[in-house]
Amino acid sequence: MFPLENAVLCRESQVSTLMALFGERHHFSFPSIFIYGHTASGKTYVMKTLMKTSELPHVIVNCVECFTSRILLEHILNQLNCLTPSKDECTSHIACDSFNDFVRLFKKVTQDQGVDDQTVYIVLDKAEYLREMEANLLPAFLRLQELTNRNVTVIFLSQIVWEKFRPNTGCFEPFIMYFPDYSIGHLQKILSHDHPPEYSADFYAAYINILLGVFYTVCRDLKELRHLAALNFSKYCEPVVKGEANERDTRKLWRNIEPHLKKAMHTVYLREISSSQWEKLQQDDTEMGQLKGLSAHAHVELPYYSKFILIAAYLASYNPTRTDKRFFLKHHGKIKKASFMKKHEKTSNHLLGPKPFPLDRLLAILYSIVDSRVAPTANIFSQINWIIYISTNSTSLCLTLHSISNSCHFHILFIFITSLVTLQLLTLVGHDDQLDGPKYKCTVSLDFVRAIARTVNFDIIKYLYDFL
């Protein structure tokens with residue numbers, strides 16, 4: 001038990017409960033165990049470490065990778081077939097078409113591997129994806145010990161509660177265990193355990209204390225915090241390496257790392273640039289000076305047309321709908337500025353925040369700004385024409401549909417938009433049951449979009465209503 005305590009930090013009570021449930025190898029264990037908790041709460045790590053340290057016969061399957069029941073069942077059987085590497089059966093593939101076949105083959109494989117007299121553990125990570133498979137799969141796994149008449153325990157690891165799993169028809173209830181989030185003290189202890197050997201434990205612990213002081217309010221994900229700690233440690237050590245400070249000069253070390261940690265806060269969870277690129281950006285003082293307060297991810301190189309989609313989304317979020325005709329319609333006639341601007345409109349749209357906009361307005365603005373900036377070659381039109389949308393009932397803008405020769409072009413646009421949503425540069429608002437289509441909101445700042453616009457030589461200020 002001593003090595004296990006050193007390997008699994010701050011999860012002593014959970015490990016103790018699991019070991020009590022497992023018992024001896026030849027004892028019948030609980031048929032099914034359901035473990036849930038937020039991401040990066042140690043569920044998968046504890047289970048892998050526990051199985052490896054105790055040398056228990058087990059199979060660990062990620063349900064994201066095994067996205068159909070057939071792949072899942074075959075993956076379990078083929079892993080079981082390789083529990084003893086010296087066996088020739090490990091080289092053969094086992095096919096399984098149904099759960100009935102799985103029960104029959106499971107008995108045969110465990111007997112061939114010589115583990116039919118001890119507990120076999122099947123760990124299903126990301127178990128919430130089981131709900132998207134056949135309805136009989138989850139109840140069958142819960143009763144697998146009864147169906148096979150073998151000493152087997154199925155362990156479900158999930159981020160959602162058991163109540164979201166339970167079928168309406170009822171099922172065998174598993175033993176439920178909760179993994180709580182790590183406290184700040186737990187995170188301090190776990191992250192400090194990763195200190196490099198060339199530096200003292202106290203020096204690295206002081207760095208982790210500074211890191212958590214900055215990031216703990218916005219990020220409590222252990223994986224992300226560990227990534228941030230590894231990414232910024234070289235900058236923290238810089239005064240010590242140069243001989244400008246010693247390891248106990250906390251004040252000078254903090255002054256050196258503070259601006260870099262604040263910039264890193266803008267890229268939490270966003271792996272827009274690689275670690276090597278971020279380190280290079282930190283080391284290049286001239287380039288950091290050119291940022292002028294902008295976040296580092298404002299200079300991420302997005303695909304060319306993704307930049308225009310982001311610019312169009314910003315214009316749609318911060319310009320009133322009635323201004324589209326003035327900004328984006330080429331032959332809108334003469335509009336006097338006095339009559340165009342209402343006298344009672346004194347509040348800046350940038351102070352009010354971004355407004356949601358429908359997809360057709362985004363596409364219309366996108367076509368207008370791209371068409372005015374790019375030479376009309378055949379290659380360009382093949383990528384542009386698919387984004388034009390007929391807005392017959394819109395008072396903002398009405399464009400002519402050139403041609404949509406291939407329906408896959410429209411799907412390509414959604415790939416661009418979905419990528420921006422994934423990067424949290426756009427946000428999908430509303431609900432799935434909306435009848436008038438999806439609506440989006442641009443979440444980036446003005447400095448961010450201006451930096452993006454400069455890379456494509458687009459003067460976005462000329463198209464913003466607040467700067468007329």
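Start with L310, I311, Y314, L315, I369 and I460: these have the most contacts inside the largest nonpolar core, which has 40 residues. A nonpolar core here is a set of buried Ala, Val, Leu, Ile, Met, Phe, Trp, Tyr and Cys residues joined through side-chain atoms within 4.5 Å. Buried means under 20% relative accessible area, exposed over 50%, partly exposed in between (1.4 Å probe, protein chains only). This is a predicted model: local features need pLDDT of at least 70, side-chain atom pairs count only at pLDDT 80 or more, and totals for chains, interfaces and linings use all residues. Residues are numbered from 1 along each chain as its sequence is written, and side-chain values use heavy atoms, without hydrogens and water.

Next, colour the elements that give two or more residues to this core, including α14 (304-318), α18 (359-373) and β8 (439-442). Helices (H or I, at least four residues) and strands (E, at least two) are DSSP runs, numbered from the N terminus. With 11 residues, α14 gives the most.

Zoom in on I311. Beyond its neighbours within four places in sequence, I311 is in contact (heavy atoms within 4.5 Å) with I369, V449, A453, V456, F458 and I460. Another core, of 36 residues, lies apart; V61, C96, L105 and F141 are among them.

Now the rings. The structure holds 25 aromatic pairs. Rings of Phe, Tyr and Trp (its six-membered ring) pair if their centres lie within 6.5 Å; planes under 30 degrees apart count as stacked, over 60 as edge-to-face and the rest as tilted. Select F102 and F141: they pair edge-to-face, 6.1 Å centre to centre, with 70° between the planes. F102 is in α5 (residues 99-112) and F141 in α6 (residues 137-142), so the pair ties together parts 39 residues apart in sequence. F102 is buried, at 0% relative accessible area.

Move to Y204 and F233, also an edge-to-face pair, at 5.0 Å centre to centre and 70° between the planes. Y204 sits in α9 (residues 201-215) and F233 in α10 (residues 222-241), 29 residues apart.

Last stop: R11 and Y182. R11 lies over the face of Y182, at 4.2 Å from the ring centre. A charge sits over a ring if NZ of Lys or CZ of Arg is within 6 Å of the ring centre and within 35 degrees of the ring normal.
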